[in-house]
Amino acid sequence: MDSQQASGTIVQIVINNKHKHGQVCVSNGKTYSHGESWHPNLRAFGIVECVLCTCNVTKQECKKIHCPNRYPCKYPQKIDGKCCKVCPGKKAKEELPGQSFDNKSYFCGEETMPVYESVFMEDGETIRKIALETERPPQVEVHVWTIRKGILQHFHIEKISKRMFEELHHFKLVTRTTLSQWKIFTEGEAQISQMCSSRVCRTELEDLVKVLYLES
């Protein structure tokens with residue numbers, strides 16, 4: 001496989017790495033791997049935005065989305081393709097929409113956790129950091145990529161306390177994700193860190209980060 005073919009298939013490798021061992025579900029002619037979620041498409045109603053289905057090995061599990069009764073902004077807006085209203089801007093951590101139960105956010109029954117990102121230049125290198133904040137244990141896991149001219153020079157993982165993380169001002173909240181999606185991310189990260197250490201990777205890292213976003 002040449003480099004162009006590898007570049008074109010890496011997204012499928014990362015996102016569909018759970019298609020192994022036949023762990024897939026089929027809905028309306030589309031195939032979903034274990035852990036993937038989608039809005040069902042019913043003939044009489046079209047896409048049902050307020051229902052989320054998840055592939056559990058080979059079984060579809062569908063649940064209704066419950067939107068929050070109160071929003072942190074004064075005028076939340078309805079957006080096409082979304083079940084719940086969204087606060088404009090999404091600037092604050094609290095303004096990311098989610099299905100709230102007991103002051104926590106869930107995605108199809110699985111608790112979500114905040115994901116932060118930091119990107120800056122240093123000595124001709126791009127330092128990109130992706131961080132996941134967890135409650136159990138109460139810490140922040142930071143994945144650090146050092147990239148020079150499109151080639152991944154170095155990759156490592158740091159685990160720091162929440163208090164220490166709060167003192168770092170260059171991170172911004174980008175999304176919330178589940179442990180299932182984070183596992184897919186880390187598996188793909190290990191794969192990409194080897195492949196991109198010897199050749200230019202222009203889209204692979206970006207495509208990998210998209211795995212963390214629960215809704216397109």
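Is glutamate 49 buried, partly exposed or exposed? Glutamate 49 counts as partly exposed, at 26% relative accessibility (buried is under 20% relative accessible area, exposed over 50%, partly exposed in between, with a 1.4 Å probe and protein chains only). This is a predicted model, where local features need pLDDT of at least 70, side-chain atom pairs count only at pLDDT 80 or more, and totals for chains, interfaces and linings use all residues. Residues are numbered from 1 along each chain as its sequence is written, and side-chain values use heavy atoms, without hydrogens and water.

**Sheet**
- Three strands make an open antiparallel sheet, ordered 3-6-7 (strands are DSSP E runs of at least two residues, helices H or I runs of at least four, numbered from the N terminus; two strands pair if DSSP finds at least two bridges between them).
- Strand 3 (37–38) and strand 7 (59–64) are the edges, each pairing on one side only.
- Six bridges join strand 6 (residues 51–56) to strand 7.
- Valine 51 faces lysine 64 of strand 7.

**Salt bridges**
- The count is nine (a side-chain nitrogen of Lys or Arg within 4 Å of a carboxyl oxygen of Asp or Glu).
- Glutamate 49 bridges to lysine 78, with closest N and O atoms 3.4 Å apart.
- Glutamate 49 is in the loop between strand 5 (46–47) and strand 6, lysine 78 in the loop between strand 7 and strand 8 (99–101), so the pair ties together parts 29 residues apart in sequence.
- Lysine 78 is partly exposed, at 49%.

**Buried pair**
- Glutamate 117 and arginine 128 form a salt bridge at 2.5 Å, N to O.
- Glutamate 117 is buried at 12%, and arginine 128 is buried at 9%.
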